[in-house]
Amino acid sequence: MHRAIALLAMALGAIGTAQAQTVAEIDKRDAAVDEAWNKTPLSAQHVVFVAQHPDGYGQYVPRADNVFKPGEKLVTYAEPVAYAWKDIGNGQYQFGFDVDFLIKTPDGKMLAGQQNFAKVSENSHARNREFNLTLTMAVNGAGPGDYVLEYKLHDHASDKVATFDQPFKIAN
């Protein structure tokens with residue numbers, strides 16, 4: 001019995017060793033992700049209106065619907081993907097965006113807009129890939145009806161640009 005347990009322990013130890021990874025292996029795979037990231041067009045994922053201001057990356061509560069009361073603020077959560085980093089020296093990188101917005105009708109007629117509505121920038125010792133934007137829009141004076149909020153992101157460290165739309169409604 002003890003011999004069987006010893007053999008089982010040796011077998012499990014051998015399996016654990018065969019499947020072990022190293023930090024070097026993680027770095028190698030991370031470099032492959034960086035390569036794919038750099039070749040991908042700038043875009044945004046998990047773009048949602050949120051019920052409250054998010055606490056951080058991935059820590060958001062989606063709003064139940066896209067219907068807003070007159071004067072209620074529209075709060076958007078988005079995770080940009082495939083942005084670039086600029087080496088700013090001292091072992092640090094900078095990344096971020098200039099953000100434009102448009103308010104349109106569902107058929108595309110522009111009602112309002114502003115270039116450089118927001119400027120978001122971060123410095124880090126890492127080339128962070130987990131980054132979120134929280135954008136707040138006040139749509140004052142808009143009557144009841146259907147609209148589209150369009151955000152355009154201009155990457156600070158490259159010539160990449162991404163646009164995303166969010167349909168919404170102002171209730172009676």
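These are my notebook entries on one chain, taken from a predicted model.

**Entry 1: overall layout**

I began with the secondary structure. I count two helices and nine strands in the chain. Reading along the sequence, I get α-α-β-β-β-β-β-β-β-β-β. The chain has 172 residues, and 30% of them are buried. The accessible surface comes to about 10,600 Å². Carbon and sulfur atoms hold 53% of that surface.

**Entry 2: the open sheet**

Next I traced a sheet. Three strands make it up, in the order S1-S3-S7. The sheet is open and its pairing is antiparallel. S1 and S7 are the edge strands, each pairing on one side only. From one strand to the next, the twist averages 25 degrees. I checked the S3 and S7 pair in detail. Six bridges join these two strands. One position I looked up was Ala-78, whose bridge partner in S7 is Leu-133.

**Entry 3: the core**

I turned to the largest nonpolar core, which has 29 residues. Which of them touch the most other members? I find Leu-149 and Phe-168. Strands S3, S5 (92-104), S7 (133-138), S8 (145-155) and S9 (161-170) each supply at least two core residues. S5 gives the most, with five. As background, nonpolar side chains tend to be buried together in soluble globular proteins.

I listed the contacts of Leu-149, skipping neighbours within four places in sequence. Among them are Phe-49, Leu-74, Phe-101, Leu-102, Ile-103, Met-137, Phe-164 and Phe-168. Thr-76, Asp-165 and Gln-166 are also in contact with Leu-149.

**Entry 4: Phe-49**

Phe-49 turned up in that list, so I followed Phe-49 next; this residue counts as buried, at 8% relative accessibility. Phe-49 lies in strand S1, residues 43-49. Leaving out residues up to four places away in sequence, I find that Phe-49 touches Val-61, Pro-62, Arg-63, Asn-66 and Phe-68, among others. The list also includes Leu-74, Val-75, Thr-76, Leu-149, Gln-166, Pro-167 and Phe-168. I checked the spacing to Thr-76 as well.

**Entry 5: Glu-150**

Is Glu-150 buried or exposed? I find a relative accessible area of 13%, so Glu-150 counts as buried, given the cut-off of under 20%. Glu-150 lies in strand S8. The side chain of Glu-150 makes a polar contact with the side chain of Lys-104, at 2.8 Å. I also noted which residues Glu-150 touches, not counting those up to four places away in sequence. They are Asp-100, Phe-101, Leu-102, Lys-104, Thr-163, Phe-164 and Asp-165.

**Entry 6: positive phi values**

Last, I looked at backbone angles. Where does Ala-82 sit? I place Ala-82 in the loop between strand S3 (73-81) and strand S4 (86-89). The phi of Ala-82 is near 75 degrees, a positive value in a residue other than glycine. Ala-82 is buried, because its relative accessible area is 0%. Asn-116 also has a positive phi, near 55 degrees. Asn-116 lies in strand S6, residues 110-124.

Note on methods: Residues numbered from 1 in each chain as written. Predicted model: local features only at pLDDT ≥ 70, side-chain atom pairs only at ≥ 80, totals over all residues. Heavy atoms only, no water. Helix = DSSP H or I, 4+ residues; strand = E, 2+ residues; numbered from the N terminus. Buried < 20%, exposed > 50% of the residue type's maximum accessible area, 1.4 Å probe, protein only. Core = buried A, V, L, I, M, F, W, Y, C linked by side-chain atoms within 4.5 Å. Contact = heavy atoms within 4.5 Å. Polar contact = N/O pair within 3.5 Å; in protein donor to acceptor, adjacent residues only side chain to side chain. Areas by Shrake-Rupley, 256 points an atom, 1.4 Å probe, with all protein chains shown as cover. Pairing = 2+ DSSP bridges. Axes fitted to C-alpha atoms, helices over the stretch in contact; angles between N-to-C directions.
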